[in-house]
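Biologist: I'd like to learn how to read helix packing and strand pairing from a model. Can you walk me through it?

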Amino acid sequence: MVLSLATPSPLTDTLGHDRYRAVRQWSELICQPLEIEDYVIQTMPDVSPPKWHLAHTTWFFETFILQPFLADYRLFHDRYNYLFNSYYEAVGDRHPRPQRGLLARPTVADIYAYRAYVDQAMEKLLDQEHDPTIDDLVTLGLHHEQQHQELLLTDIKHIFATNPLYPVYQQPDSKPDQPAKNSTIAAEAEPLHWQTYPGGLYEVGHDPSQGFAFDNESPQHRVYLHPFALADRLVTCGEYLAFIAAGGYQTASYWLSEGWHRIQTEGWQAPLYWHKREGEWWIMTLQGLKPLCLAEPVCHVSYFEADAYATWAGYRLPSEAEWEAAALTASPSPLPFPEPNDPLPLIHPQPLESGPLPGLQQLQQTLWQWTQSAYLPYPGFRPLPGAIGEYNGKFMCNQMVLRGGSCATPPEHLRLTYRNFFPPESRWQFSGIRLAAT
């Protein structure tokens, strides 16, 4: 992940300190509902313990900014580079990712002390006259932390969902002990409508004049698209339930070969976090276990499930260029940055309001949307040398692109050119389905 050093940095203004503090405080706000025991759990290799996220984002500032640029800076601990380096080969050896949950030490208190120590040093550095390159690196570090804020929420959800007690992270408005009769067929979404787009040349990718972007969003370039259409909203739980009822998980012809293999070996029968009890479907959320709402967009599906559903429905997934071209036409409103004292919003995808709505809905802040595009470099892409350049380019293999953003993504972190990517079997991310047609 690389910030172009030619991009104007928002940290060159007088609000630089405030924004740094706000982003750093937001990570700790996410962790406020946790008990000490929750900070240490790792439920699968893709999930990191919450205390690791808090430490790794701090390590980023220490390693790439404080050590090279703050005179006489002393490391908080000489072994933290080994513990909290994620996958930067140029920085040195690191603790194996699947073993992050085996470490009782450093303690949670140690990690919060580490954050305070680094924050104090960062304030000192930002108070000094310094090279503009530092502001660019700080901006990059803040966006890096915002990525981990989303991962914190997705990982906390997996940790809580693995617990048979189904703990509650956020208190819901109501907490029914039992589902209402026929609760899974109580609320239907508006019928699906289509937005059509003509064929021709479209410009996609990050415009350097628009501020920050990761390196994989560049260079801006033109693509030719055939005429296409996108569904005006995401696929709902009710629509996906019809796929399940029609034998979707038992019919090989809907599935890519590797997806069908996953069904056979891992026993998938529904999206992640769905549970069937006495004939009723329930779903695990950050607000605890609750009855399935048919009008909510279906969440926590893999690329394989998204593609199989689209095949069953007679459609397909959009390419990432189609998604971006359509989204840019829709011109959604800019997303605000949370204020330091704002409460954490409800982290769960919400159904649309009743009644037809014009244009594309649920583009951002609902669910990441799988595309049919493999994660590959744009024409002319060149990662910068050194450790900072490792984040995106070296993962351009065996991954699929998701677009949009989710209810767990910090709003100010989102852009219509943002290219998220995960392996096609991944399900723990807040991922959903938007259909496309030719």
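Modeller: Two packed helices are described by the angle between their axes and the distance between the axes. Here, α1 (residues 16–31) and α2 (residues 50–69) pack at about 165°, with axes 11 Å apart. Axes are lines fitted to C-alpha atoms, for helices over the stretch in contact, and angles run from 0 to 180 degrees between N-to-C directions. Helices (H or I, at least four residues) and strands (E, at least two) are DSSP runs, numbered from the N terminus. This is a predicted model: local features need pLDDT of at least 70, side-chain atom pairs count only at pLDDT 80 or more, and totals for chains, interfaces and linings use all residues. Residues are numbered from 1 along each chain as its sequence is written, and side-chain values use heavy atoms, leaving out hydrogens and water.

Biologist: How are α1 and α2 oriented to each other?

Modeller: Roughly antiparallel, therefore (angles under 35 degrees count as roughly parallel, over 145 as roughly antiparallel, 65 to 115 as roughly perpendicular and the rest as oblique).

Biologist: Which residues of α1 and α2 meet?

Modeller: Tyr 20, Arg 24, Ser 27 and Cys 31 in α1 meet Leu 54, Thr 57, Thr 58 and Phe 61 in α2; contact means heavy atoms within 4.5 Å.

Biologist: And α6 with α8?

Modeller: The axes of α6 (residues 237–245) and α8 (residues 303–313) come within 11 Å and cross at roughly 80°. That makes α6 roughly perpendicular to α8.

Biologist: What about strands?

Modeller: An open sheet of four strands runs β10-β9-β8-β11, with mixed pairing; two strands pair if DSSP finds at least two bridges between them. β10 (420–422) and β11 (431–432) are the edge strands, each pairing on one side only.
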